[in-house]
Every structure is written in structure tokens, then in C-alpha cells.
Amino acid sequence: MAESPQSPESLAEEDLPPKKGGMDPAECSGSNLEKLLESKWEELEKDALDLLQKLIRIDTQNFGDEGTEIQAVSLLEGVFKDAGIPYEVVEPRPGRGNIVARLSAAEGKDSSGESKKKGPLLLNSHLDTVKAPREGWKEVGWAHDPFGGDIDEEDGCLYGRGAVDMKNMAAMAVSILCFVKRSGIALERDLVFAGVADEERGDSAYGIKHLVEHRPELVQCDVVLSEVGGFSYFLDGKEGFLVQIAEKGNTKLKITAHGSGGHGSFYHKDNPIANIGEVAHRLSNNKLPLRVVPANQVTIDSMSSVLPFPKSMVMRRLLSPSFSSFIVNRILPSDQREPLSAILSNTANPVTIGGGEQFNQVPTSAWVGVDCRVLPGCTSQDVIQDVKQLLGPSRFQPSTTDEGAGTGETDTTALQPELTIQVLSERPGCCQDMSTPECVEVLDVIRSVVAKRAEGAPIVTNMIPGGTDLLYYSKLPAKPVCLGFSPVRLPPELNFSKLFHGTNERIPVDGFKWGTRVLTEVTLELCGAKLAED
């Protein structure tokens, strides 16, 4: 493991040369801080946009064990060096780089001598991306080079892999740290940025999982903001902004169909190829049963609260076994049908398949790999129960046969169940407890800033059907508040979920600048740099 010598422990801010152009920290409160922000918004937005373009132009596709996040880390290392911000680089495997930078708060004491310093606020961004074509990108539908960082003059969007997932968060967060440093703004808690590797593989083995398990002191915090949230979401034509409070887990299953096998010239009623095809078809065309858990209860309640009656009542009925399917299939708008359906139950999608080795032989087995997304609070056994109920529980039980009757012999091969099921891997979901004072405080700050910057628009707390690095942050001993909030404002016609991992991934430049302001204000508020009342 390679680590840079400039760690937060070995390089204190007071050892660094002073930066020009800042304000006296004593002056950076109330109206003075607000005046500073108003005079520096354009500069901050330009810095963040330039950095995002540079990050997109660095290819950090995740290829499993191999990756090149260290190239993005090197870029950020230069930014932090120029700004005089302490940082540390951790590289668990060559190429798989992570960088953690920290602005330290003053260590004030209360009347009893106890520290008044709050636990750190950490802004997280993974630096790897899913795949995109280096060549021939026009032929597969990209309007701009996925690694060009180009701004389209017609639609005003910045195109490129990582534009919303999630190099935008890295660019905003790093620019905010640099702004705070050069402006001499005093903080009541440490402000930390973590640019991590390997999120897109799913297990974050060389990224935040490694840091939590081997270098937890670098990322220990009381609050962490990451993906997936902060973006515009339109309900009943009205704009709101999602804040992620929960995410589903992931269980990978292997379902195997068994049969007697034999020569390809004969028909076989127990042909495993046919049976596993039927399994895949049934899983693809049927939903698993409704399961009500705190995470989807919070999501539906939050969405209902911003809808007028009777639409609010209809939304709440999504959690009713009697009405849920009808509402999903017949009432919900098409753009809400799949996202909401995915959080109402565990899901099981066939993703890989195999069986048979030659054309003249019916195999004795065939299998399908199933990607299951599991609700927080549910286990792999719960989703297996759901799958068995859909496919038919008796098919997983040993069968009997009349062959050998009266001879005293038993055909042992016939006792094999038609289907067997195996857990290949599992990753739990997580759900933030929204009742804690710490979480209430963070949500109140986000709600206030979003309403100020988006004409009174509400926030909607929600669960996402996928997984993020927040799972690993939730395992830290301090049990930090873990929220998805990487703000960007989108027009109604731009579907955020389709931008993730998709062709023509892009971010509206104006929406990115809006997000930079919002994240800056949320960060300063949570770190104790209060803005003046209007």
C-alpha cells in the first residue's frame, strides 16, 4: 500500500505558508460572509466547472481489479498542494488511488473545559466510472466524446462519463475546500473530502471499504454527504429535491435446473435448458411480493406529503397489499412506475445464464444468475423465500419416481429437486435513522438552503434501489449521519435516472452551478459559518 507523506496528521495547516486574498476569520460571520459569497460565486462556479471538465477527461473506467483512479488523484493532489490543504493518498493496489483532504477546525473549549468542536463533515465522491467507448462513440449514440468534457452550445450540458456519477460531486467539494481555505473562513468542525476508488464494482474493495477497514481515522466523521440525491424530482408537475436516506442491499443468486439428461435425438420432459429458460422468463415478467419496511414507508410518506389530496392518498395506498399492484400498473405516470415499483419489494432479475456443452446432448443441469436487490431490514433468506413463492415452492423439494417399483431399488437421480438455489454473495442494505437530533439538524439545513435556492421547493427523503459507498460509512464506529446529497438542478425533460451509466451522460451547466452554490451553503452552515438572516 502506497501512501503520500503529506497526511493530515503529519502536515498541520499552521505549518503552511499563508494564502493571499483571504479575510480575517473574525470578519467571516453574518453579513460579512454573505457578502464574501456574493462577490465570489462566479469564481467558485468557474473553478468547479473547470475541475469537472478536467476530471471527465481522465479515463477512470472500472475494470474490476484494474483501474486508473490514481490519475484523477494526481490531479486533485496538485489542486490541494496549490491551495495549501493537507491531504493523504492511499493506494491499496497499483492504480487504485484514494485521496483524503482535511481542513481542521479550531479546538474551542466550553466553560467546563470540554471541546466544543463537532465531529467532521465529510464530502464523499467516488472517482471511478462505469465503462464508455474510447473509440467509435458516435456509432453507439454518443453526441460527444465520453472523455472529452465538452459543453454542448445548444442544450447547455457538459457531456462525459462521470458528469453525474459522480465526478460532479468531486469537483464541487474540492472547489469548496479551496474556497474556504483561501478565504480564511473559520469552521466549528473539520471539513473533509474523500475521493475514493472502486465504487462501481459494487464492493468498493480498493476504495471506501479499504479505508474503513484499514485507515478509519482518515474518514471518521459525524456527517457524510455523497450520492444519490440532491437532484430535481417532479411530482404532479411540481419540483422537489430528493435526499437519499436508505439504499437496498444486493444478493447474487444462482438457480440451477436439474434433469436426467440424455441424447439430443429424444424429447426430454425434464430438459434443464427449457426449465431454466422458463425460470428466467417468470422472474423477468413478474414482481416479487410487496414488503413494507421503514425505508419505503419513509419514502412514500415523504412523497405523499408534497402531493395534494386525493393524489396523496393514492400514493400512500402503494403500501397496501390490496391496492399496490393496481396503482403501479394503472395509475402511476409511466416515468414513476419503475422507480417506485423497485422500492416496494425485493427484486430479482436474471442477468447471466449457462448450460450444455455440445449439440447432440441434453445436459443434466443449466443455471441462471440472478441479481437481487434486497430491502433494508430484509435478508437473503427473505428474497429466496420470495423467489421460491413465485417459481413454485414444490419445485425446490426432492421428487419421487415410480422407476424401480417392485424391485426394491430406488433411482437416486430422480430424488434431485427440479430446482436448487445458491447464494453467491450478499451485501446488506442500510437505512438512516431520521429521528436522531444529528440527522434532523442536517435535513433542516438542507431543507432551508434548497427552499432558498429553488423558490420554496421541498426536499423528499427517499430510498434508492441501488447501492452506494454510504453502506461502508454507516459501519464506522461513530455511526455518522449518512445522506445522499449531491445537488444539481434539472429541467423536467431530463430524467436523472437515465443519465446514470447511460449513453450521453451529461449535466446542465446551469444546474451544476446551482448545485455548487447549494452545496457550499449547506457545507458552511453545517460547519458553523452561519449566513446572515435576510
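**Entry 1: a buried glutamate**

I began with Glu-505, which counts as buried at 0% relative accessibility. For my own record, buried means under 20% relative accessible area, exposed over 50%, and partly exposed in between, with a 1.4 Å probe and protein chains only. I am working on a predicted model, where local features need pLDDT of at least 70, side-chain atom pairs count only at pLDDT 80 or more, and totals for chains, interfaces and linings use all residues. Residues are numbered from 1 along each chain as its sequence is written, and side-chain values use heavy atoms, with hydrogens and water left out.

I found Glu-505 in the loop between α14 (496-499) and β19 (506-508). Helices (H or I, at least four residues) and strands (E, at least two) are DSSP runs, numbered from the N terminus. Next I listed what Glu-505 touches, leaving out residues up to four places away in sequence: Trp-142, Leu-158, Tyr-159, Gly-160, Arg-161, Gly-162, Ala-163, Val-164, Asp-165 and Leu-499. A contact here means heavy atoms within 4.5 Å. Glu-505 and Gly-162 are 343 residues apart in sequence, and their C-alpha atoms are 7.4 Å apart in space.

I looked up Glu-239 next and found it in strand β9 (residues 238-247). Glu-239 is buried, with a relative accessible area of 17%. Beyond four places in sequence, Glu-239 touches Ser-232, Tyr-233, Phe-234, Ala-457, Pro-458, Arg-489 and Leu-490. One of these, Arg-489, lies 250 residues from Glu-239 along the chain, with 9.6 Å between the C-alpha atoms.

Ser-304 sits in helix α7 and counts as buried at 1% relative accessibility. Setting aside residues up to four places away, I get Ser-312, Met-315 and Arg-316 as the residues that Ser-304 touches. Ser-304 and Val-460 are 156 residues apart in sequence and 9.4 Å apart from C-alpha to C-alpha.

**Entry 2: the chain as a whole**

How many helices and strands does the protein chain have? I count 15 helices and 19 strands. Of its 534 residues, 53% count as buried. Among contacts with a separation of 6 or more, 78% come from residues 24 or more positions apart. The accessible surface comes to about 24,000 Å², and 50% of that belongs to carbon and sulfur atoms. Those areas come from the Shrake-Rupley method with a 1.4 Å probe, and for residues only the protein chains shown count as cover.

**Entry 3: nonpolar cores**

A nonpolar core is a set of buried Ala, Val, Leu, Ile, Met, Phe, Trp, Tyr and Cys residues joined through side-chain atoms within 4.5 Å. The largest one has 125 residues, and Phe-80, Leu-225, Ile-255 and Leu-483 have the most contacts inside it. I followed up Phe-80: leaving aside neighbours within four places in sequence, it is in contact with Ile-85, Tyr-87, Ile-99, Ala-101, Val-174, Leu-177 and Phe-193. There is also a second, separate core of 20 residues, which includes Val-90, Val-192, Ala-194 and Leu-471.

**Entry 4: the cavity**

I then searched the whole structure for cavities of 30 Å³ or more and found one. On a 1 Å grid over the protein atoms alone, a cavity is a set of points where a 1.4 Å probe fits but cannot get out, and lining residues have an atom within 4 Å of a point. Grid points are joined across faces, edges and corners, and a volume is the space filled by probe spheres set on the points. The largest cavity holds about 40 Å³. Its lining includes Val-164, Glu-227, Val-228 and Phe-500.

Most residues other than glycine have a negative phi, and most peptide bonds are trans. I noted the exceptions below.

- Glu-227 and Val-228 are joined by a cis peptide bond with omega about -5°, and Val-228 is in the loop between β7 (223-226) and β8 (232-235).
- The peptide bond from Phe-309 to Pro-310 is cis, with omega near 10°, and Pro-310 is in the loop between α7 (294-305) and α8 (311-316).
- Ser-204 has a positive phi of about 50°; this serine is buried, with a relative accessible area of 1%.
- Glu-455 also has a positive phi of about 50°, but is exposed, with a relative accessible area of 64%.

Notes
1 Å grid on protein atoms, 1.4 Å probe; cavity = no way out; pocket = protein on both sides within 12 Å on 5 of 7 lines; lining within 4 Å.
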